[in-house]
Amino acid sequence: MIRGVSSRSSQLLWRTVLRDQPLRRFASSVATQKKTKEEIIEEIKQQESSVVKVAGIDIDGILRGKYMHKDKFISSTKNGFGFCSVIFGWDSADLTYDHVDFTGYHNGYPDTSAVVDLSTYRRIPWENNIPFFLLSFVDKETKPLYLCPRSVLKRVVDQSHEMGYEPLIGVEYEWFNYQETSQSMAQKKYMDPTPLTPGMFGYSILRAGQNQEYFHSIIENMGKFNVPIEGIHTETGPGVYEAAILFGTAMESADRGTLFKASVKELAHDLKIMPSFMAKPSVDLPGCSGHLHQNLACLKTGKNLFYDEKDPLSMSETFKSYLAGQLHLLPEFLPFYAPTINSYKRLVDGYWAPTTPTWGIDNRTVAIRILPSGPKSTRLEFRVTGSDMNTYLAVAASVASGLYGVRNKMKLPHEPVIGSGYVAAQQRGIERLPRTLQEATEKLAKSQIAEELLGKEFVKHFVDTRRHEYALFNREVTNWEVKRYFEAI
């Protein structure tokens, strides 16, 4: 099994884009041609349909939004509109948090202000081509709201720009697919879903061909929706797929990643297929990764700042310090990469997921895989993240930790791992990553660096939400407990 394969076509795409040209030109050329505010509004005024769809992102990376009449939408482009603050006051199952400061029963869940980001304008090809826009949230002074995932990422991108860098990100997801619907899974009480296809059959042309309508629907519709897919294939595992999204700037890639997950679920529904981006749906099978390819480009020239032809590993000092920062902060930043109880069931030895802050050259058993692919495409693959990540927060935390290493000229803590990362970590005495969400959250709660890089108020809120998550789980009685203790004890 080869997880997260980096094909030659992937390297060529990175090389093609990273020419010696100003990065601003590159960023606009990758996306569809941007229209002016006036052009967008006029286009919506003239459309036959009266419907516009908008959505913001909650703390778990879930799209929360609504349909708007086009007249109301056009009006909202001037000063925004009210959106219930409960979007940051409840969890993925709409259970409200008990002890967060921003919103709750203590202030009556007032509205917060949502602002339409016109630069995210798309049309939904599988929904009568209606317009779609992403929202950002602002405070009473119209400053970016500290809880908004897009605002958290923007803060990090702004820091990067001040240093003269543009972070480039490529997102990959693995996910399971089942012959189920929301209704059938509810009736089954989320037990024993039927896989879309049987058996372990990674890179299977046969399985892909048997479900070609689904494959084609994803590639063609995502392309029209400005979420361009570089490649998609079956992974090892019953009904498991992997897709690589064309890389771009950090915000564009986080937008694309989030929209990809939500859109695949909609497209699959029409075919009576149910996707799951849960990190580890089955104890007997490998989990689902959400790898993040990264490098830094010069804002002025577009040059890849990770490459140095004089270095034996083709790694620049900037690259080494960026990597050192990520390795150093990985243990205390882990909840940003593994945000759920289930995330930690994926991070176990021997299941193609890293368990220690290690690095290596083209090595898929370590936390950060280095790809020295020449002056245009040298990059790292951040392998800790699962497909259950909030992509904005994972990108923000990983880039921020890398920039922290660059600012402090950090040195790599050890030589690259050759062979098994699991064995090497034991031999070198490298400390294991936290094993549970509770352990990881309490480590993050003590991190002054996280507060410095991502904002004290945001980190406190995020920690409170993760404490809520593990507190709920700690009260649950699982099937494992019932089977083990019901009769025997």
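User: What do the buried residues of α16 pack against?
Analyst: They pack against α5 (149–162), α10 (317–337), α12 (391–407), α14 (437–445) and α15 (448–454), where contact means heavy atoms within 4.5 Å. Helices (H or I, at least four residues) and strands (E, at least two) are DSSP runs, numbered from the N terminus. Keep in mind this is a predicted model: local features need pLDDT of at least 70, side-chain atom pairs count only at pLDDT 80 or more, and totals for chains, interfaces and linings use all residues. Residues are numbered from 1 along each chain as its sequence is written, and side-chain values use heavy atoms, with hydrogens and water left out.

User: Which residues in α16 are buried?
Analyst: Among them are F458, V459, F462 and Y470. Buried means under 20% relative accessible area, exposed over 50%, partly exposed in between (1.4 Å probe, protein chains only).

User: How far apart are the end C-alpha atoms of α16?
Analyst: They are 29 Å apart, which agrees with the 28 Å that its 20 residues should span at 1.5 Å a residue. The expected span is 1.5 Å times one less than the number of residues.

User: And V477, buried or exposed?
Analyst: V477 is exposed, because its relative accessible area is 61%. V477 sits in the loop between α16 (456–475) and α17 (479–485).

User: New topic: which strand pairs with β13 in the parallel sense?
Analyst: That's β12 (residues 359–361), over 3 bridges; pairing takes at least two DSSP bridges. G360 stands opposite R369 in β13.
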